[in-house]
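Please look over the model shown here before reading on.

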Amino acid sequence: MIAIIAEKPSVGQDIARVVGATEKKDGYMAGNNYLVTWAFGHLVSLALPGTYGYTRTSEEELPMVPDPFQLVIRQYKSDKGMATDPAATKQLHVIDEVFSKCDSIIVATDAGREGELIFRYIYTYLGYTKPFRRLWISSLTDEAIRDGLANLRDGKEYDSLYEAADCRAKADWLVGMNASRALAIVSGTTNNSIGRVQTPTLAMICARFRENRDFIPVDYWQLHITLQKDGDFRQFRYTENIGTKQAADALYHRITTDMQAVITKVERKRGFQAPPLLYDLTALQKDCNVHLDLSAEKTLAVAQSLYEKKLISYPRTGSRYIPDDVMRQVPELLKQIISMKEFCEYGKQADLSTLTTRSVNAKKVTDHHALIITGIRPGSLDEKEQAVYRMIAGRLLEAFSPKCEKETLTVQATADGLDFRSQTTSVVVPGWRGVFNRTEDKEEDEQSANKGTAEFSESETVPVAGRSLSQKKTTPKPLYTEATLLAAMETAGRLVADEEAREAIKELGIGTPATRASIITTLFKREYVERSGKSLVPTEKGLHLYEAVKEMSVADAALTGSWEKTLLQIDQHKLTAETFMRSIMAYTRQVTEEVLSIRLPQSLAGGIPCPRCGKGHIRIRPKVARCSNEDCGLLVFRRFLNKELTDQHFGQLFSSGTTRLIKGFKGKKGNAFDASLAFDKEYNVTLVFPAKRGGKSSGKKGAGD
C-alpha cells in the first residue's frame, strides 16, 4: 500500500482520482493500492515560548534560544489564550493512520520551500522513518500529475530544500519572538511586534514617507522657442534647466521673434522595446495592484484558486523563465489565448510565426518555471478570477510577441548662441504593446512635452516664431504603493529600473514571493501602516517604532536580503544549516540587546495618562487596556459587542474620551450597526450613535442595552 499526502483536500482529491483511489473515507481516499490524504496547510509548527518554560516577559529570560526546537500541533488564539486546533489534531490522527498502513509515502504537498516544510514537520512530529518519494509538478492538470507520478524523485534530493525552510522558520522564530518580547518590555504592551522581514519593510515605507514629506521643492525654469515652416511648427527646449528667475529672464530676453535659428542636427533612430518577461508571483502582484487595484494578499489568494482549478501553473514561483520542454507547449497556448474575446483583435494582426524567446532559459528556472496558463479552458470564474486569469494569459501573449518598434526624431537648433533641442518618439510597430494597449507601457522617451510636427533639414535657417518661459518645481520620490513596495522588497530597497537587472539581484531581496503579501498584511494588522488612496503611509505608531529602530540591524533591508541569499545557498548545497544558524544566534543576541536599549514615546509605549485617576498610565494588552494604578481600576476590554478594538481605538478613547465612528458592531440579535465609543461620567464604555439626517444627534447607550 502506498500513501500520498497533499497540502489541501482539493489537491488530494484530484490526485486520488488520477491514481484511482475513489473510495471516500474520513480524511482520506482509498483504492487501487493507494491511500491519499492531505494536510490543511501547516498542521504542525514550532512551539511557542511557553513550551520551553519562557513564561514571563522579562529581560532576564532574553534571548530565548530553544535547544532543541520542539514541534507542536497548530494552535490558535482563544479567549483563554493559545489552544490546540482540534481540526488539526483530528487530521494528524488520520495522516498517522494512513502512514501506518503503508509501506512507502509519496509527498505531494506544494512543490516549494513551504510545501516541503509542511510535510517534513508532520513526518517528524509523527515519528516516521519510512522512505518517501517526491511528486514535483508545476501544474495540477491530470497530465502533469500522471507525468509527475511516473517520474518520482527520492525524498533525500530535497533535504537541502527542507533545511533552508527549517532554518528560515527558526530564524524568524528567534528574531521575531525575542525582538517582540524585548519591545514588549520597553513599551509596556505586548501588542507590537518586530520581525526579520517585517521591520525592514516598515523601515522602507517610513523612510520614503519622511523623505517625501520633508522634501523641499526647488524652482527651476525652462525656455522654449517655436520654429515654423510651411504652416506647421515645432517647439524646441533650451538644453539646460535654468536655476534662477533672473537668469531665466535674461535668456528669455535674448530671444526675439525677428531672430533666425539654424538647424544643426536632424537625426532619426529606430529603437526597440523588448517584450516583458513572463510573470513570477511578485510581478503578477505588482501588475494586479496597478491595473486591478488588488492587494498582494488578494492576488495570491486568487492565483491559488486558479491553480487549484488547474487553470494556471504553480503561482508561488520566483522565476520568470520557462525551460525548452515547456516552450514546446507555448504555440498551442497562444492559439487559445488569441481566441479569447479580449485578445482576438490583436491575434488578427499579430505576427506570431516567429516567437520571441526572451523568457526561455532553463538555467534561470528555479524550483518552478514562470507563471503560465495550462491550456484548460476556464469554466465559471468570479470577476476577480477572470481578471487575474486574463492578466496571466495576456502576459504570456506579450512575452512571446514581437518587439515594439519605435522611431526617435531628434532635431537640434541654435539661436543667438543658445542650444535648443526637440525630441519626439513615435511607435512604428506596436508589437507586444498591442496586446493591452496600456499607457503605462510607454517609456520615458515617449513622454516628450515638445509640441508640433514641422520637418526641418540640417543647416536650414528658420525664423523664430515664438518664445516662452515656464516655471517648474523638483518633485520628491512618490510614496510607496503595494506595487512599488513589492518591487523594493524584491531588490532590498535598491532602485533598479531595468527588468533583467532586477532579476539578477533577486536573491538579495527581502522575503520571498510566497511571503511578501503576508508581511504587508502584518504591517496593516499591527497598525503600523495604513492606506491613503493607493499609497502606503505609516501611522504615528509605525513612525515611532521606525524612529526607535531605524539605525539598528533589525531594520536593515540589505542585511535581511543577505539572509535570503544565504538560505538559497543552503538549498543549493553551498552552505550548511549549522553555519547559518550560528550566525542567526549571534544576530538574535545583537537585535535583542539593541531593542532593549531603546526608549519609546508614550504613544507607542502605551503610556497614555489615565483619564480617570490622572496618576497611572494606560497599559494596552492583547485582551484589555487598564490603568497601571491598582487603586484606580479603569479597565476596557478589547472585544466589545463582537468587535475587536484596535490600538488606535484605545488611543482615541483614553486620550479624548471618545473614538471615531467604528463600523461593524453586532447587537444581541446579530444586527450590524455603526457607532462611536465614549466614557460616561463613571468611566463606563457606552455607545454613541451618529446623528440622523435632518434629525437630532443621537444619545448614548450602555453596552448592555
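The model is a predicted one. When the whole structure is searched, one cavity of 30 Å³ or more is found, and the largest cavity holds about 60 Å³ of space. Its lining is formed by V11, I15, A108, T109, D110, A111, R134, L135, I137, L140 and Y307, and by class the lining of the largest cavity has eight nonpolar, one polar and two charged residues.

Two packed helices are described by the angle between their axes and the distance between the axes. The table gives these values for helix α8 (residues 281-292) with helix α13 (residues 383-399) and with helix α14 (residues 482-490).

| Pair | Angle between axes | Distance between axes |
|---|---|---|
| α8 and α13 | roughly 120° | within 11 Å |
| α8 and α14 | about 160° | 8 Å |

The crossing of α8 and α13 is at roughly 120°, and these two helices are therefore oblique to each other. Their crossing is right-handed, and the contact brings together L284, D287, C288, H291 and L292 of α8 with A387, V388, M391, I392 and R395 of α13. Sorted by class, the residues of this contact between α8 and α13 are seven nonpolar, one polar and two charged.

With α14, the angle of about 160° makes α8 roughly antiparallel to α14, and the crossing of this pair is left-handed. Here T282, Q285, K286, N289 and V290 of α8 meet E482, A483, L486, A487 and E490 of α14, and the contact of α8 with α14 comprises four nonpolar, three polar and three charged residues.

Methods. Residues are numbered from 1 along each chain as its sequence is written. This is a predicted model: local features need pLDDT of at least 70, side-chain atom pairs count only at pLDDT 80 or more; totals for chains, interfaces and linings use all residues. Side-chain values use heavy atoms; hydrogens and water are left out. On a 1 Å grid over the protein atoms alone, a cavity is a set of points where a 1.4 Å probe fits but cannot get out, and a pocket is an open set with protein on both sides within 12 Å along at least five of seven lines; lining residues have an atom within 4 Å of a point. Grid points are joined across faces, edges and corners, and a volume is the space filled by probe spheres set on the points. Ala, Val, Leu, Ile, Met, Phe, Trp, Tyr, Cys and Pro count as nonpolar, Asp, Glu, Lys and Arg as charged, and the others, Gly among them, as polar. Axes are lines fitted to C-alpha atoms, for helices over the stretch in contact, and angles run from 0 to 180 degrees between N-to-C directions. Helices (H or I, at least four residues) and strands (E, at least two) are DSSP runs, numbered from the N terminus. Angles under 35 degrees count as roughly parallel, over 145 as roughly antiparallel, 65 to 115 as roughly perpendicular and the rest as oblique. A crossing is left-handed if the near helix is turned anticlockwise from the far one by less than a right angle, and right-handed if clockwise. Contact means heavy atoms within 4.5 Å.
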